[in-house]
Amino acid sequence: MFLKIAGFEFRYQTRQPIFWVAAILFVLLAFGSVASDNIQLGSTSNVHKNAPWVIAQSSLIFAVIYMFVTTAFVANVVVRDDDTGYGPLIYSTRVSKFDYLFGRFTGAYLAAALSFLAVPLGFLLGSVMPWVDRETLGPFMPQAYLFAYFFLALPVLLLSSAIFFALATVTRSMMWAYVGVVGFIILRSIFSLVLNRQGMESAAALWEPNGIAAFGLATRYWTASERNSLLPAIEGYVLWNKLLWLAISFGFLGLAYRLFHFETGKASRKQRRAEKLAVAAQDAPAPEPQAGPLPRPVFNGATARAQLWARTRLDMGQVFKSPAYFVLLALAALLSIVNLWLITDVSLYGGRTYPVTRVMITALNGVFSAMCVIIAIYYSGELVWRERERRTGEIIDATAAPDWAFILPKTLAISLVLVSTFAVSILVAMIIQTIKGYYHYDIGEYLLWWLLPQAIDVILIAILAIFVQAVSPHKFVGWGVMVLWLISSLVLGNLGFEHNLYQYASGPSVPLSDMNGQGHFWIGAYWFRLYWSAFALILLICAYGLWPRGTETRFQPRLRRLPRRLKGPAGVVLALAVAVFVGSGVYVFINTNVWNPYRTHLDDERYQAEYEKTLWRFHDLPEPTITAVKLDVDLYPHAPKVVTRGVYRIENRTGGALTDVHVRFLDRDLQVRALALQGARLKATYGRFNYRIFEFDVPMQPGEARTLSFETVREQRGFKNGGQLLSVVDNGTFLNNFEIAPLLGIDREGLLKDRAKRRKYGLTPELREPKLGDPAAARFSELRRDSDWVNADITLSTVADQTPIAPGYRVSTSVANGRRTSRFVTEAPINHFFSLQSARYAVKTVVQRDVATSVYYDPKHPWNVDRMIKTADAGLAYYDPNFSPYQFRQLRFLEFPAPAGAFAQSFANTVPWSEGLVFIADASSDPSRIDMVTYVGAHELAHQWWGHQVVGADEQGGTMLIETLAQYSALMVMKHMYGPDMIRKFLKYELDSYLRARGGEALEELPLERVENQPYIHYRKGSLVMYRLQDEIGEEAVNRALRKFLHAHAFRPAPYPNALELVNDFRAEAPADKQQLITDLFERITLYDLKTKTAVAKKRPDGRWDVTLTVEAKKLYANGQGKETEAPLVGETVDVGVFTAEPGKKDFSARNVLAMERLPIRSGVQTYVVTVAAKPLFAGIDPYNKRIDRNSSDNDIKVTGA
Amino acid sequence: MLSIKDLTHVYANGVRALDDVSLEVPKGMFGLLGPNGAGKSTLMRSVATLQTPTSGSIRFGDIDVIAQPEALRRTLGYLPQDFGVYPRVSAYDMLDHMAVLKGVADPKARRDTVESLLGQTNLWAVRKKALAGFSGGMRQRFGIAQALIGDPGLIIVDEPTAGLDPEERNRFLNLLAEIGENVVVILSTHIVEDVADLCPAMAIIVDGRIVRQGAPADLMASLKGRIWMKTIDKAELEAARLRYQVISTRLFAGRTVIHVAADTDPGDGFAPVSGGLEDVYFSTLASARKAA
């Protein structure tokens, strides 16, 4: 019987549309993730699209999304019988409760499982498509598919099936099952909020119901080669998580069995309703007395308004009163809450930021708008088809309601629904702000930056959906068309069809900033909105004309009726709409394609490829060196426009006579109004590439100097389709000289780097930095090939109410004709890299250690100004004595708007910081977090030495000399500020970031001294390497080496130093037994695996405690692809610590350290005995994570026996 | 008053639902009788402006219904054969809504209309209940209530009594009977008693054609002396069908009562009966089918 019921159910489910719809949808999703270049789920250039790790990860994600489908499968297996009325018939048969319930469940679950086979099938199909680049695919590994499907996905499907089956069976209601889905998502979100932080990884791995955390924990540090070849072992959390949740799944099934009863007990809903009516009828008072003849209808404006409002209210009520709306709204709100909550917690270094409105809107943007699009499309279908589905159509259609009284109120209703839905999002965001203790409610910003533009865009989508539904022969066809439209709008852009003039309801994005508001960016966006609104109006009128009033289902008669309906006002409005559509379209086109270039990302790639093909052959040519720069820059922030007049003094330092000079402007759209090289004439112009070659009349002799003068204009007239000019804005302009002034000769900047794309355009497979120690490379500095230290004389003018700032000392400021002009001059040569800023700043200046330290900030963001000044003080206090004297009398931190980027950058005595990074940092609220302001500030300040005193050669390891040393400097400041026992959180953060990023490497991981501008190596690994180095050979020894290095190379011209020279300086300071350490740190990719297996305490007769630690140790070397080989661990020492609290936990401090000894360590298992004075609670090996340890969380464990 | 001329309607699948229908409907109650699928609803919908006929004309007073559907709708009350309701909307709210749509927008006029109709249709007690929970009879009474809003000049009720129990049916027909005589009321039905009880004029429609029309009394008079009845065993039915023009059969106490049409006494135990409307209907049906 069981099998028969299961078989019947299985066949029933596989005949349902949901089965096929889900299967097709998921085949397409999985297929697309492999077969399309433009979708990537965890694959990188080095991780194959069909790598076992990618298949497992994507299967997990798909399985979670599948929850909605499984619910549709299993929730109705019992409810169905109540709805159809078959229930009593079946319950009266002899079938047993077990067979009935679980037969049905098994059948439905198997159908869901069968339909989920779509995912592996999609992957397989995608990976055999002939157009897929073979280099991005690995070998076919059947075990990966089996593992992902049977071990990872099926239990997830079982869990969601069991929970929602139980819920639907017990409550006998589909609605409650879907409410359950929402509840499940809430719980999961709370789970991840609680568990998604450092130290909670293992708890999350066990308790996260879908096994994503467990899988993530097991594979988080996997390198590309591991992701390509391995599956996680079925053990540990991966196994326990599955067993736990399998048990919970069966628990739910058992619960459903216990609580389900055949006899319904309560009468059916219909009966109950009838009984209630009967009761009502009895209790009712006598009917009203009869009135005379009924009032006659009146048809005038008031009636029309009443009809519009009545219809709108009814349609809105139908949405607001439907349970699905609440499910969707709750889902949108919940997902938003998670986003809103997390977004202020995940800034750089895990720092916290204030929940300013701009940040809240960013958090709402993805999730909430997407849910609103779903609401718009779903309810447009519901509303358009409601009368026909509810069979109220004939009554309504036969009334005297005018023809517009159908489509207009429905459009209005869905619009009002959407507006109020967006209003809910604002409420949710403000509640989150309140909970986080932020009370600056900017309703105006919420309305103008969020509700208004978003509501318009989604209403436009709703109108399209209404039109589609009005002409579609079936609601599902209409929805299908809308889904196709959604997919096409995602795919078209990737295929190079990016113009918003044919992407319905789209427009350029409007970057938001507290400093700059919406800037002038909103103008273009609203022109597009006008254009699309006119189009939507055309759609609406067509839908009105074709509206199926009456019982006619054919399209032809409706089309015949169209002209008659368009007579009168409708036709006039239509003509107007067409006029506005065409007119605004023409104006938009002039802006996006005539006044500004329209380019797709494919055009840009092609341009890059052609640039390289045309010009790269010049890269070896000798060029003169720029030694002095005079810039006269006029900023017009409101235009936006920058006019630059400049003069370079160039000198021939090549040792040979120069006949040619290659002058290049990086920005292809920069207008070059004048360009003259003394004693030379233009020989060739590559106009497309803004590249010119001059030939000297008389060759330039070694040591000779000449001048290059230029005038450029950078402006944006009107608005662009995308890629707006972000550096010149109304308030908060931030430019650098590369954007407005020329370079000499060509370098790798701006060329294609991605291997697959280079192959696609027929370029050499890789464009890599010169090898470490390449003598030819030493001629060029890391920063730019044509200059190093220059005298700068910069005159910057801007509007009168803004402050212009550029590197150098301000020698004059004047205001005239509504413009403020300041001149900045250097006293000694500085790096040829200038920032030019202008904004309405508030300024705070403190003179400390003879340096005028200023913060230029937006008055809205005063929170961290004092902390920045303190940071400068701490940095100067450390760097001056330990490295070399600070070379300036001033230091300025300046805020710039978030849309320009979330970063900080160091120019000579000038450090621009993004408003999104540190100016809104909430540094004081949680002392256990990394003090991001001080850490980043100390890093940027350190660049005044590393970058502005010494710059390396343009070759491998160049960024180590700049970024790694800045990281080291900042770490030392933090160590002295917070104490060495508090350094673990920094090291742990850097360690985690480094290990996680290794798997995403696109080319090859290199040892630190050979780093090729790879941030995870020069920042993250660099911090760990340098901290370990100073820990092993002493901070003073490291600083001695750095002083020596600075002394030898600071402010020197070519040849420039390289990483080898610095490593040699370290070697010179290190004793003989640390030479291998330096090899491991700088020349190899070295990893450890240290683990404390047991820590047992025993009280001694003298009252002290002996702690015996059993530890296991291993050292590994990895190659560039992450393949590891074990190396002997000899001659090294390690920290062994005993504590009264766990290192890295919130309240841990130096007081908790009972013992910290440095003891020898070798490969394999070994024991240590440490004697401590007080009762030990935690103990471990390398407790502060000074080594690069592949599993750093098992270093410290609880002490037993105490 | 309502004048239908040469009305033909062909559906997309080729079915000729109305075939050259011409009909004059005077003021008062008019019965349109016909079996299921005869084209009644198509005719009703065409008059109610819900579909445009393939050819022909419909006029109501001065209104050309096909050219000016808006004008007709302003004086139309329509109760379709089968209609649904919005979920979670009460009878009062829905009637109020319908009143607005029918042009009774003034709040006071609307309240008078709604309350009066709720009382008239005996729905006052349940006015705040959701329509979705109404029984068939309650729903039909609601249907007639909404059709009466705004004092219409033309009221179309399509198969209103199908599926009602006898008590509900009575109540409903009483309601219909109360409607003033100055308006045109078309009652389309396949139940002969509905027409017999209420209508001073009627037509019979079969396979899209009007095959008979007139006053029920006249039609019945025309059958005088031509209808004969006999009670037979079931087994004899086939033989009787061959010999006589059997227009109707029904069971009574386990035996079959047959009515046959004949100009003279067929003898053989047949007794004359005074022809009721039912006999008119069945004899018309029988001859129409024979002709087809």
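# Exercises on a predicted two-chain model

The buried residues of helix 13 of chain A pack against helix 6 (97–116), helix 8 (142–171), helix 10 (201–207) and helix 11 (212–219) of chain A. This is a predicted model: local features need pLDDT of at least 70, side-chain atom pairs count only at pLDDT 80 or more, and totals for chains, interfaces and linings use all residues. Residues are numbered from 1 along each chain as its sequence is written, while chains are lettered from A and ligands numbered from 1 in the order in which they are written.

## Exercise 1. Helix 13 of chain A

Find the extent of helix 13 of chain A and list its buried residues.

Solution. 
- Step 1. Helices (H or I, at least four residues) and strands (E, at least two) are DSSP runs, numbered from the N terminus.
- Step 2. Helix 13 of chain A covers residues 236–259, which is 24 residues.
- Step 3. From first C-alpha to last, helix 13 of chain A reaches 35 Å, close to the 34 Å expected at 1.5 Å a residue. The expected span is 1.5 Å times one less than the number of residues.
- Step 4. A residue is buried if 20 or more other C-beta atoms lie within 10 Å of its own, exposed if 12 or fewer, and partly exposed in between; C-beta atoms are placed from the backbone.
- Step 5. The buried residues of helix 13 of chain A are A:Tyr237, A:Val238, A:Asn241, A:Trp245, A:Ser249, A:Phe252, A:Leu253 and A:Ala256.

## Exercise 2. Backbone exceptions

Locate A:Pro640, A:Pro1055, A:Asn1185 and B:Arg88, and describe the backbone at each.

Solution. 
- Step 1. Most residues other than glycine have a negative phi, and most peptide bonds are trans.
- Step 2. The bond from A:Ala639 to A:Pro640 is cis, with omega near -15 degrees. A:Pro640 sits in the loop between strand 1 (625–636) and strand 2 (641–651) of chain A.
- Step 3. The bond from A:Ala1054 to A:Pro1055 is cis, with omega near 0 degrees. A:Pro1055 is in the loop between helix 33 (1035–1049) and helix 34 (1059–1069) of chain A.
- Step 4. A:Asn1185 has a positive phi near 60 degrees. Its loop runs between strand 28 (1178–1181) and strand 29 (1196–1198) of chain A. A:Asn1185 is buried, with 28 other C-beta atoms within 10 Å.
- Step 5. B:Arg88 has a positive phi of about 60 degrees. B:Arg88 lies in the loop between strand 6 and helix 3 of chain B. With 14 C-beta neighbours inside 10 Å, B:Arg88 counts as partly exposed.

## Exercise 3. Contacts of chain B

Which element of chain B gives the largest share of the side that touches chain A?

Solution. 
- Step 1. Two residues are in contact if their C-beta atoms, placed from the backbone, lie within 7 Å.
- Step 2. 44 residues of chain B are in contact with 41 residues of chain A.
- Step 3. On the chain B side, two or more residues come from each of strand 6 (76–79), helix 3 (91–101), helix 4 (107–120) and helix 5 (136–148) of chain B.
- Step 4. The largest share, seven residues, comes from helix 4 of chain B.
- Step 5. For confidence, the predictor gives the complex an ipTM of 0.91 and a pTM of 0.86.
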